[in-house]
Amino acid sequence: MEKLTILGAGTMGHSIALSAAWSGHTPTVYGINEQDVTNADKGLAQKLAVMADNGLFDENEAQAIRGRILFTTSLEEAVGEATFILEVVPEKLQLKRDLYKQLESLIDPSVIIASNTSGFKPSLLAEGMNHPERFIVAHFWNPGHLIPLVEVVNGERTQEEATARTMALLKAMNKKPILLNKELPGFIGNRLQYALFREAQALLDAGAASKEDIDAAVTYSIGRRLPVTGPLMTADMGGLDVFSAISNYLFEDLADDQRSGKILSQLVDQHKLGDKTGQGFYEWAPDVSEKINRKREQTLIQFLKNDLEQEG
């Protein structure tokens, strides 16, 4: 079993630690200061309580999971016994590179360094590293303790051993890792997500329908199928001749914008950024935010329970 260290105690960092501890690992989580650690511990407690309330485990197991996670504000202590390090710091290229340089002065060349980046190519991140052969991307999806997918991406110089160890660790954490055959900006998940988001923006900008109806077109149709069949399997089930014919006449009319849409750009310029500012495409009063976030969390928990039942 790898000795996992997570560098970053924010939402993703402590959520990933929860997943690791739930699967029996004893992760160490590095926070930049005591307030960072306190916030992470509070977030961890809240997530464990919700999961216990929804029957994923009982209170005793929740306490046991919490007991397996060690927080520290000392980088040296965090990586001292690590065999696998997962970097979960903000998406700033130089910040990440500076951290890797510091890490390489503290750890053995056999220790894997993985980044949770959602978009940077691993070869770009690894520039300047002494041992780029042990560097890899392992992109968890938010919320990290409830979404099974992890995208694994090799850099140009990543060795097979690093890939194998990363895939083995993720499977041991009960995640669903997928391995990209080549480096692509945005990897797989975000490319698919933003293709849908681009078309949704274009439809809204064109006045084709209200924002509510555009969202409903997803949640009450393809959103119901996607948990079972992805786009390629869905095409198989519908008939490739049908999907080919529709592609041939529809692709020409689909959005191909190279920048954010008009309405989205206006909202950003007005600092209407969504849930975190109280207004975006929708109004986000505190009670509305709590309701929607709770509903999403409970839905994801139900999917996770279904996964566990099928695997059991």
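**Sheet architecture and helix packing**

Strands E6 and E7 run antiparallel and are joined by five bridges. Within this pair, Phe 140 stands opposite Val 150 of E7. Strands (E, at least two residues) and helices (H or I, at least four residues) are DSSP runs numbered from the N terminus, and two strands pair if DSSP finds at least two bridges between them. The model is predicted, so that local features require pLDDT of at least 70 and side-chain atom pairs count only at pLDDT 80 or more, whereas totals for chains, interfaces and linings use all residues. Residues are numbered from 1 along each chain as its sequence is written, and side-chain values use heavy atoms, with hydrogens and water left out.

E6 and E7 belong to an open sheet of eight strands with mixed pairing, arranged in the order E3-E2-E1-E4-E5-E6-E7-E8. Strand E3 (70-72) and strand E8 (176-180) form the edges; each has a single partner strand, so one side of each is left without a neighbour in the sheet. From one strand to the next, the twist averages 25 degrees. Parallel pairing occurs between E7 and E8, over five bridges, and here Glu 151 has Ile 178 of E8 as its bridge partner. Strand E1 (residues 4-7) is likewise parallel to strand E2 (residues 28-30), with three bridges between them; Val 29 of E2 is the bridge partner of Ile 6.

Helix H1 (residues 11-22) lies across several strands, namely E1, E2, strand E4 (84-87) and strand E6 (135-140), and runs at about 165 degrees to E1. Angles run from 0 to 180 degrees between N-to-C directions, and axes are lines fitted to C-alpha atoms, for helices over the stretch in contact; contact means heavy atoms within 4.5 Å.

Two backbone features are found in loops of the sheet region. The peptide bond from Asn 142 to Pro 143 is cis, with omega near 0 degrees, and Pro 143 is placed in the loop between E6 and strand E7 (149-154). Asn 174, in the loop between helix H7 (160-172) and E8, has a positive phi, near 65 degrees, although the residue is not glycine. Most residues other than glycine have a negative phi, and most peptide bonds are trans.

Packing between helices was examined next. Helix H2 (residues 34-53) packs against helix H3 (residues 59-67) at an angle of about 150 degrees, and their axes are 9 Å apart. H2 and H3 are therefore roughly antiparallel, the term for angles over 145 degrees, with those under 35 counted as roughly parallel, 65 to 115 as roughly perpendicular and the rest as oblique. From H2, the contact involves Asp 41, Leu 44, Leu 48, Ala 52 and Asp 53, and from H3, Glu 59, Ala 62, Ile 65 and Arg 66. Five of these residues are nonpolar, four are charged and none is polar. In this classification Ala, Val, Leu, Ile, Met, Phe, Trp, Tyr, Cys and Pro are nonpolar, Asp, Glu, Lys and Arg are charged, and the others, Gly among them, are polar.

The axes of helix H8 (residues 189-205) and helix H9 (residues 211-225) come within 10 Å and cross at roughly 145 degrees. Leu 196, Ala 200, Leu 203 and Leu 204 of H8 meet Lys 211, Ile 214 and Val 218 of H9. This contact comprises six nonpolar residues, one charged residue and no polar residue. For helix H10 (residues 231-238) and helix H11 (residues 240-250), the axes come within 6 Å and the crossing angle is roughly 115 degrees, which makes H10 roughly perpendicular to H11. Thr 234, Ala 235, Asp 236 and Gly 238 of H10 are in contact with Leu 240, Val 242 and Phe 243 of H11. By class, four nonpolar, two polar and one charged residues take part in the contact of H10 with H11.
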